[in-house]
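Please look through the sequence and the model below.

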Amino acid sequence: MPDNSLWPEHEQTREMVRAAANGEPGAENALLDRHRNALRRLIQFRMDRQIARRVDASDVVQDVLLEASKRLRDYVADPKMPFHLWLRQLAQDRMIDLHRRHHAQRRSVDREQSLRKSFGDRSSLDLAGQLQDQELTPAAATIRKELEERFLEALDLLDDADREVIVMRHIEQLGNSEVAQALQLSEAAAGMRYLRALRRLKAVLLEPGENV
């Protein structure tokens, strides 16, 4: 996994899951707390801006962690997927319920603004050619900002399936096998979906006025 992955390093997480499974004191709390920041960033991205005005992301994070605590014994008894993907699914389910209850629309200008706020300064926008220098000259910083804006505008023009796989690979920094597990696809199918989404994203970036 890249160093800028949204989720904590997975090998240490596996060790913490084993410790929780063995009932070691404090292991469960340490495991859940380790993922708190990643959950918050994911939820801030997924949450519709209109809902964000009424619901604090930290409250949603706490709800997800409480649900994870209730279900953790079942998970460690039969971990069918890596812990971060399991926790991500709980967060996704919670967000679906939240959006349904608040009658929020999934796609909106506000949602794009939320994406900019949550991830605009991350190196995950590498598809748009974001510069990687830690200290950018003013001109380079301006170019990076323009590239980020083009990327975000193009991303918003994709359909839901294409946008989702791009976000999973380049914002959440999930690998192809993880995307396949999360979407319940074969690795080959997940890879093909990603390549198709890349082609459509490239088409939008090159021809902003064209349909995908």
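How are α2 and α5 oriented to each other? The model is predicted, and in it helix α2 (residues 27-34) packs against helix α5 (residues 57-77) at an angle of about 140°, the two axes being 11 Å apart. α2 and α5 are therefore oblique to each other. The crossing in which α2 passes α5 is right-handed. On the α2 side, Glu-28, Leu-31 and Leu-32 take part in the contact, and they meet Leu-65, Ala-68, Ser-69 and Leu-72 of α5. Sorted by class, the contact of α2 with α5 consists of five nonpolar residues, one polar and one charged.

Helix α3 (residues 36-46) also packs against α5: their axes come within 9 Å and cross at roughly 125°. That angle makes α3 oblique to α5. Here too the helices cross, with α3 passing α5 in a right-handed crossing. From α3 the contact draws on Arg-36, Leu-39, Arg-40, Ile-43 and Gln-44, and from α5 on Ala-57, Ser-58, Val-60, Val-61, Gln-62, Val-64 and Leu-65. The contact of α3 with α5 has seven nonpolar, three polar and two charged residues. Leu-65 of α5 meets α2 and is also part of the contact with α3.

α5 is linked to another helix by charge. Side chains of opposite charge can pair when their charged atoms come close. Asp-63 and Arg-94 form a salt bridge, with 2.9 Å between the closest N and O atoms. Asp-63 lies in α5 and Arg-94 in helix α6 (residues 83-101), so the pair ties together parts that are 31 residues apart in sequence. The salt bridges come to ten by count.

In α9, Ala-161, Asp-162, Val-165, Ile-166, Arg-169 and His-170 meet residues of α11, namely Arg-193, Tyr-194, Ala-197, Leu-198, Arg-200 and Leu-201. The contact of α9 with α11 divides into seven nonpolar residues, one polar and four charged.

The protein chain has a mean pLDDT of 78, with 75% of its residues at 70 or more. Confidence is highest in α2, at a mean of 94, and lowest in helix α7 (residues 109-119), at 46. Across residues 104-134 the pLDDT is below 50, although this stretch has 81 contacts in the model beyond near neighbours in sequence. Where pLDDT is low, the predicted coordinates should not be read in detail.

How values were computed. Residues numbered from 1 in each chain as written. Predicted model: local features only at pLDDT ≥ 70, side-chain atom pairs only at ≥ 80, totals over all residues. Heavy atoms only, no water. Axes fitted to C-alpha atoms, helices over the stretch in contact; angles between N-to-C directions. Helix = DSSP H or I, 4+ residues; strand = E, 2+ residues; numbered from the N terminus. Parallel < 35°, antiparallel > 145°, perpendicular 65-115°, else oblique. Left-handed = near helix turned anticlockwise from the far one by under 90°. Contact = heavy atoms within 4.5 Å. Nonpolar A, V, L, I, M, F, W, Y, C, P; charged D, E, K, R; others polar. pLDDT = per-residue confidence, 0-100. Salt bridge = Lys/Arg side-chain N within 4 Å of Asp/Glu carboxyl O.
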